[in-house]
Amino acid sequence: MPDRESGGVADFKDEDDKKLESLGYVPSFKREFSNLATISFAFSIMGLCSSVATTLIPRYSWVTWCWILGSAMCFTLGSSIAEIVSAFPTCGGLYTASAQLVPKDTDPLGNYEVTSGKVNCLATRQLATLTKGFVFVNLGTTAIIIIVLLATTGRHDMHSASYVFGSDGVVNRTNGWDNGIAFLFGLLSVQWTVLIGTGLLGWVLNIVLILCSGPLEDLPGASGSAFLQIMVLRMGKSGSLFLWTFVCLTAFFVSQTALQACSRTVFAFSRDHGFPDKGYFGYVSKWTHTPLRAIWLTTILSIFPGLLQFVSPIAVNAIFSLTAMALDISYIIPIALRRIFRHHPEVQFTPGPFYLGDGLLGWAVNLNCIVWTLFVSVIFSLPTYLPVTKNTMNYASVITGSVVLLAMIWYFVDGHRHYRGPQARA
């Protein structure tokens, strides 16, 4: 989680620090993210227009309804996550929360997580200042693309409402899956959306893209990106490439914010001796007061999946499905644990500023996000094209299973000797 600003008074402990001390933790990093920087961080890590650009598949009316359905479901996940991290504002995030939401004698194996991200080694204050502008570029680029597409597409060139929202626009390119399964494949593009703002703006963006998309046979075009091809069709090559620069910039912002979240988790896990590194990556630089070793480890490991694009696009697609699936599964673990052990005497869950309550609303939101995540994890594991061959197989489930198996082997061979869960520094 990003570190938030304390209000400018040197000897004043903000509410998060007081919360940590009540849990027996000592803060590891300075909290220098303002509310604006924190909001910008949240919007930027989802990378609205860059996420749509990299996942848009011409299914037309299915895209429209997949997005709004997925957004509504993911919003319950986001609300449940907010409830947890609001109560446990630690750098380990949900990893630390998972340990707090089970009895003390519970095996710590369940805290193993798979993390990834990109590079940014600035000091926390500098990173907070930089992050403040991300949200304006992210949302501004999306809004400009929507406006320019509508302005450059003649009314006679736009598809009808029945094409955008109805059965006239149903397209099934799976070569064998029925329409129901083909529809569900469109959920991958929206799985990163957990804020209501990005959900609604993303829905408008998808509607406009379909409205202005032109002939189906021209997509995805020479670039391999249906999003870019639609822009070129309506704006021309020069205009589309200019705006595409900002789409790529939002993707860079995703990398930056993902690194911050990931490196803090790597740091916390190494500090707690969850890795076979003797705590080497659980080090905070005295110069920048950030976990530089964890940042560079994450950076180096993140390079390898990118290189797969030059070897096998199938492997890249599997990694993309894997990240959505593994990340969301890691989210629902503490959500489920909070409900399972809610009455256990050793588990003291004290709600933070954001709390859904223990009534019908809280239960409905929590259960919905758990069931939905398990459901879409099955969908993301299916091959999107039939017949299934070595070239069309979706290897996401194989990779996920392999990572979990290797983690379990490591834990039982050696990890259990020195890993005892989160330590007293957060």
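Student: What should I know about the model before I start?

Tutor: It is a predicted model, in which local features need pLDDT of at least 70 and side-chain atom pairs count only at pLDDT 80 or more, while totals for chains, interfaces and linings use all residues. Residues are numbered from 1 along each chain as its sequence is written, and side-chain values use heavy atoms, with hydrogens and water left out.

Student: How many helices and strands does the protein have?

Tutor: Helices (H or I, at least four residues) and strands (E, at least two) are DSSP runs, numbered from the N terminus. Here there are 15 helices and zero strands.

Student: What share of the residues is buried?

Tutor: Buried means under 20% relative accessible area, exposed over 50%, and partly exposed in between, with a 1.4 Å probe and protein chains only. In this protein, 49% of the 426 residues are buried.

Student: How do I read the packing of α3 and α10?

Tutor: Axes are lines fitted to C-alpha atoms, for helices over the stretch in contact, and angles run from 0 to 180 degrees between N-to-C directions. Helix α3 (residues 48-55) and helix α10 (residues 196-211) have axes 10 Å apart, at an angle of about 45°. Angles under 35 degrees count as roughly parallel, over 145 as roughly antiparallel, 65 to 115 as roughly perpendicular and the rest as oblique; α3 and α10 are therefore oblique to each other.

Student: Which residues of α3 and α10 make the contact?

Tutor: Contact means heavy atoms within 4.5 Å. From α3 come L48, C49 and V52, and from α10 come T198, L201, G202, L205, N206 and L209. For classes, Ala, Val, Leu, Ile, Met, Phe, Trp, Tyr, Cys and Pro count as nonpolar, Asp, Glu, Lys and Arg as charged, and the others, Gly among them, as polar. The contact of α3 with α10 has six nonpolar, three polar and no charged residues.

Student: And where do α11 and α12 meet?

Tutor: Their axes come within 8 Å and cross at roughly 115°, with α12 spanning residues 292-307. L259, C262, S263, R264, V266 and F267 of α11 touch A294, I295, L297, T298 and T299 of α12. By class, these divide into seven nonpolar, three polar and one charged.

Student: Which residues of the largest nonpolar core touch the most other members?

Tutor: A nonpolar core is a set of buried Ala, Val, Leu, Ile, Met, Phe, Trp, Tyr and Cys residues joined through side-chain atoms within 4.5 Å. The largest has 49 residues, of which I145, L149, L187, L205, L209, F227 and F380 touch the most other members. The elements giving two or more residues include α3, α4 (61-87) and α10, and α11 gives the most, with nine. Beyond its neighbours within four places in sequence, L187 contacts C66, L69, G70, W372, V376 and F380. A second, separate core of 16 residues includes L77, I84, V347 and I370.
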